[in-house]
Amino acid sequence: MNSSPNRKTLEADQLARLSKLLSTLHQSNPFYSRKMKDAGVRLPLAGLSEFFSSFPFTTKEEVVEDQAKHPPYGTNLTYPLERYTRFSQTSATTGTPLRWLDTPESWAWMVENWMQVLRVAKAEAGEPVFFAFSFGPFLGFWVGFDAAQKLGCLCIPGGGMSSVARLQAILDNQVKILCCTPTYAIRLADVAEEENIDLGRSSIRAIITGGEPGSSIPATRSRIEKSWPGARVYDHHGMTEIGPVSYECPKRACVLHVIESAFIPEA
């Protein structure tokens with residue numbers, strides 16, 4: 001991994017990227033241009049502090065309501081529909097599902113961020129990576145799959161398979177990295193025990209988790225790592241709208257770092 005830039009350089013880069021984004025949204029995105037007008041946001045910004053003090057928060061409820069009023073995708077679109085090539089949808093565990101579209105450029109940006117997650121887990125070209133994921137409309141590990149492919153890993157999709165079949169594929173292909181939710185890593189271990197499958201025979205050295213907070217809970221992490229001998233858990237978090245936001249600290253378990261080259265955290 002490249003060394004981190006100093007804070008002054010980082011913030012200058014963040015401001016430049018943010019200014020370009022806001023200018024584009026102001027010109028072409030009805031949803032955000034309204035928000036900026038209503039909040040009295042003036043462009044160009046003088047600095048990040050002005051953004052923090054003047055730009056309003058956006059909630060999921062706002063976007064869902066906008067899509068309900070302007071179906072199916074709402075007014076939060078910066079380009080004509082023909083520019084968008086990827087569709088995702090939230091799991092709707094807490095309400096109405098949110099539909100999301102990505103252009104090739106926004107998808108590539110998320111892929112680059114996912115590569116950060118993989119690099120921390122020391123993913124290397126040629127290593128088999130198994131994605132125990134349904135590959136439905138939920139964003140999940142779709143971006144991670146593309147990121148691993150870009151790194152040169154052997155990407156093995158696990159959609160449409162039973163847990164037993166996934167375990168067998170992991171063993172047969174000498175998989176090094178497993179990508180799944182924390183609860184499913186535990187479920188796979190439980191099924192292995194039920195089926196007398198010895199996970200000590202697996203080549204898994206890293207388990208990259210997401211979608212749930214479990215892997216940053218010490219007890220849950222410990223349970224996963226004990227169930228998968230020789231494996232270390234690497235957590236991260238993200239959202240359907242923006243992909244991965246953080247990666248796990250290489251030195252401190254259960255500590256997540258924001259990908260500051262792509263995101264500006266607010267206290």
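Mentor: Contact here means heavy atoms within 4.5 Å. This is a predicted model, where local features need pLDDT of at least 70, side-chain atom pairs count only at pLDDT 80 or more, and totals for chains, interfaces and linings use all residues. Residues are numbered from 1 along each chain as its sequence is written, and side-chain values use heavy atoms, with hydrogens and water left out.

Trainee: Which residues is tryptophan 114 in contact with, leaving aside its neighbours within four places in sequence?

Mentor: Phe141, Val143, Gly144, Ala147, Cys179, Ile208, His236 and Pro244.

Trainee: Why is α1 called roughly perpendicular to α2?

Mentor: Helix α1 (residues 7–28) packs on α2 at an angle of about 100 degrees, with the axes 6 Å apart. Angles under 35 degrees count as roughly parallel, over 145 as roughly antiparallel, 65 to 115 as roughly perpendicular and the rest as oblique. The angle therefore makes α1 roughly perpendicular to α2.

Trainee: And what makes α2 oblique to α4?

Mentor: Helix α2 (residues 30–39) and helix α4 (residues 60–69) pack at about 125 degrees, with their axes 12 Å apart. That angle belongs with the rest in the scheme, so α2 is oblique to α4. Phe31, Arg34 and Lys35 of α2 meet Glu62, Val63 and Asp66 of α4. These contact residues divide into two nonpolar, no polar and four charged.

Trainee: What makes a set of residues a nonpolar core?

Mentor: The set holds buried Ala, Val, Leu, Ile, Met, Phe, Trp, Tyr and Cys residues joined through side-chain atoms within 4.5 Å, where buried means under 20% relative accessible area. The largest such core here has 32 residues, and Trp114 is among those with the most contacts inside it.

Technical notes. Axes are lines fitted to C-alpha atoms, for helices over the stretch in contact, and angles run from 0 to 180 degrees between N-to-C directions. Helices (H or I, at least four residues) and strands (E, at least two) are DSSP runs, numbered from the N terminus. Ala, Val, Leu, Ile, Met, Phe, Trp, Tyr, Cys and Pro count as nonpolar, Asp, Glu, Lys and Arg as charged, and the others, Gly among them, as polar. Buried means under 20% relative accessible area, exposed over 50%, partly exposed in between (1.4 Å probe, protein chains only).
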